[in-house]
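Reader: I would like a close look at a single part of this model, and then a connected account of the rest.

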Amino acid sequence: MSEIKKVKNLKEFSTSADRFEGANLLCPGCAHSIIVREVLNATNDDLVLSASTGCLEVCTAVYPYTSWDASWIHIGFENGSTAVAGAEAMYKALGNKGRLKQPDRNPKFVSFAGDGASYDIGFQWISGCFERGHNMMHVVLDNEVYANTGGQRSSSTPIGSSATTSPAGRVSYGEKKNKKDMMAIMAAHGSPYVAQVSPNKWKNMVKAIQHGMEVEGPVFINAVSACTTEWKFAPEDTMAIQDLATDTLVFPLYEIIDGTELNITYRPKNVIPVEEYLAAQGRFKHLFKDQYKYLIKEWQERVDAKWDYLQKREEARV
Amino acid sequence: MREVISTGNQLAAKAAVEAGAMFFGGYPITPSSEIMHESSDMLPAVGGTCIQMEDEIAGISAALGASMTGVKSFTATSGPGISLKAEQIGLGFIAEIPLVIINVMRGGPSTGLPTRVSQADIGQAQYPTHGDYASITLCAGSLTECYTETVRAFNLAETYMTPVFMLLDETIGHMHGKAEIPDLEEIQANNVTRATNYCEPADYLPYDAEMNKPAVLNPMFKGYKYHVTGLHHGPTGFPSEDAYQCEFNIERLVGKINTVHLENNGLDDLPDYEEVDLEDAEVCIIAYGSIALGAYEAVQKLRAEGIKAGLFRPIMIWPSPINRLEEIGAKFKDKILVTELNMGQYSREIERIIKRNDFTKLLKANGRPIAPAEMVAKVKEMM
């Protein structure tokens with residue numbers, strides 16, 4: 001068994017040995033690096049990591065430098081999860097044959113991918129990994145847009161958001177489809193642990209990551225990652241935006257155990273109106289024009305309905 | 001003539017819409033994404049549809065499906081996207097579904113050099129998928145050609161009932177400048193409309209084509225029921241393993257392009273290549289795509305220094321202008337400089353045609369362009 005890393009406070013956590021270096025080319029204010037560092041800091045175990053093509057990959061390994069002090073694979077856009085699954089399957093096979101030099105090291109297999117590489121092009125590959133039951137963790141850095149290729153919409157882009165391929169203007173309010181519910185889809189795979197996390201709630205996040213690393217089987221983590229460039233807010237406001245995301249309940253933090261047992265892991269003391277979350281980001285600016293204001297009301301209703309549903313699911317224990 | 005200030009990618013999208021395209025299915029990929037951005041704006045404005053699909057395979061599949069309804073359809077991507085689309089490109093070849101595939105080339109293999117220029121998909125455009133078939137591939141050498149050759153790609157796709165590749169490279173795709181393009185009326189007057197067989201629906205045989213002729217596929221929703229498959233098929237479209245039928249099919253698929261190209265010295269009336277100062281030249285530079293822009297300058301500089309240089313620039317890459325290349329091989333002997341941004345993919349085709357390899361190559365595959373000065377220096381070495 002691996003030892004669980006004890007994290008007492010934020011200072012200790014932020015100064016503990018980094019396996020993901022701060023020196024990278026991500027935009028100032030990008031939440032990706034915060035999330036990745038927290039994931040890697042949650043354990044002292046060996047790590048086998050992959051990153052699908054995306055902002056994280058292109059900005060953290062520019063020859064001759066790397067931000068990763070761990071085994072790291074960059075593969076295609078769609079198959080980071082599968083590469084990690086292959087490594088994990090071989091690790092198991094070598095272990096079964098008694099051919100591991102240090103069989104007690106218990107490395108953790110983690111794939112990182114954006115929402116495009118998880119919700120869209122990588123979807124069937126992740127589904128395959130979860131159906132086969134690899135002992136791995138897939139972390140989505142969910143910034144709700146293809147940020148690396150110029151801000152096109154993905155199936156994670158929420159209603160009303162303006163993206164390059166769903167632009168808002170005179171005839172359109174931007175993205176017209178609601179965000180794909182990946183949490184429910186991955187829970188339906190029977191995953192032992194599925195959780196939505198946000199780096200502003202770092203203790204909550206570390207707890208979820210540590211739990212995910214301890215359970216056997218494929219674990220899905222959806223990490224909300226505010227994108228200063230495409231969400232259009234000032235780089236110094238990242239944590240404020242993350243706070244708005246969790247405290248307006250646009251991104252409720254919850255976990256689903258064994259595909260059924262749902263627990264809400266964070267209840268904001270003061271729930272903030274969704275309008276404030278929308279107003280803080282340029283991608284929703286047009287929603288405040290008279291013709292689209294009805295969408296703000298719909299947003300609030302949708303968020304309320306989801307929160308209501310999550311609470312009922314938690315209560316029902318099914 | 002119209003004067004526009006635009007980028008190569010925007011011009012390709014504009015050309016598609018003005019050539020009559022009504023459907024785009026694609027997926028974001030650098031350096032081609034602007035074609036989708038433009039299409040998402042321009043297609044709905046003319047009653048067409050632009051869909052960003054969930055991946056590259058879905059992008060081309062939707063475009064193939066849309067094409068079966070009778071509309072001109074296209075997709076745009078870069079090398080890694082073509083790799084993913086490869087299986088469906090094969091379906092396009094065997095089922096004879098017209099489609100334009102724009103590839104804005106970047107460095108490869110795999111993720112390669114996403115933001116840097118390359119011409120390393122020349123070989124991929126010839127044989128993108130398994131099996132026997134013949135590819136039609138055009139390559140834009142200027143902003144104007146990003147427009148005119150894309151229009152031509154649509155016309156060729158509809159004429160020959162086949163996927164057609166339109167190659168741009170990162171430099172030309174992102175190049176921003178003035179271009180002169182033909183008037184819209186002129187383009188529309190020459191747009192090819194897909195052939196339709198207005199027979200009784202009961203008598204309709206979609207794949208009952210003569211040797212070296214394309215199938216006549218009637219649009220969906222018109223009352224003609226037929227079978228479309230990636231399997232070998234007979235005249236009805238239903239699968240067949242009949243030896244004669246399979247042989248006839250393959251010979252027809254290859255012949256409708258390669259044989260027709262050879263017999264008619266081209267697939268249409270438009271030029272398959274451009275020649276600059278070649279009549280009195282003593283040395284011939286062969287270059288295509290954005291590299292040809294540097295080659296024009298190299299020719300001028302060499303002539304200013306008293307070396308009579310000329311340029312041969314292929315526009316239709318596949319099928320290659322075999323007859324003319326044979327003549328050039330015979331005329332210039334070893335005084336030929338082939339310059340391209342790969343490890344010699346088009347040079348191999350020239351070797352194959354002129355049956356010699358005594359010419360000089362100036363190749364680069366590091367994501368950087370080839371400067372005119374490098375070409376000038378290389379030619380001086382040869383003289």
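Is Glu327(B) buried, partly exposed or exposed, and at what relative accessibility?

Author: This is a predicted model, in which local features need pLDDT of at least 70, side-chain atom pairs count only at pLDDT 80 or more, and totals for chains, interfaces and linings use all residues. Residues are numbered from 1 along each chain as its sequence is written, chains are lettered from A in the order in which they are written, and side-chain values use heavy atoms, with hydrogens and water left out.

Glu327(B) counts as partly exposed because its relative accessibility is 43%; buried means under 20% relative accessible area, exposed over 50%, and partly exposed in between (1.4 Å probe, protein chains only). The residue sits in helix α12 of chain B, residues 322-332; helices are DSSP runs of H or I with at least four residues, strands are runs of E with at least two, and both are numbered from the N terminus. The side chain of Glu327(B) is joined to that of Arg324(B) by a polar contact of 2.7 Å. A polar contact is a pair of N or O atoms within 3.5 Å; within protein, one must be able to donate a hydrogen and the other to accept it, and residues adjacent in sequence count only if both atoms are side-chain atoms. Between Glu327(B) and Ile353(B) there are 10.0 Å in space, C-alpha to C-alpha, and the two are 26 residues apart in sequence.

Lys364(B) lies in the loop between β15 (360-363) and α14 (372-382) of chain B. With 19% relative accessibility, Lys364(B) counts as buried. Its side chain makes a polar contact of 3.0 Å with the side chain of Glu374(B). Beyond its neighbours within four places in sequence, Lys364(B) is in contact (heavy atoms within 4.5 Å) with residues including Glu340(B), Leu341(B) and Pro369(B).

Next, the cysteines. A disulfide is a pair of cysteine sulfur atoms within 2.5 Å, and the count over all chains is zero. The sulfur of Cys139(B) is too far for a bond because the closest cysteine sulfur, in Cys146(B), is 9.0 Å away. Cys139(B) is buried at 1% relative accessible area, and Cys146(B) is buried at 0% relative accessibility.

Last, the interface. Chain A contributes 16 residues to the contact and chain B 14 residues. Between chain A and chain B, six residue pairs are in polar contact, both residues at pLDDT 80 or more. The salt bridge count between these chains is zero, where a salt bridge is a side-chain nitrogen of Lys or Arg within 4 Å of a carboxyl oxygen of Asp or Glu.
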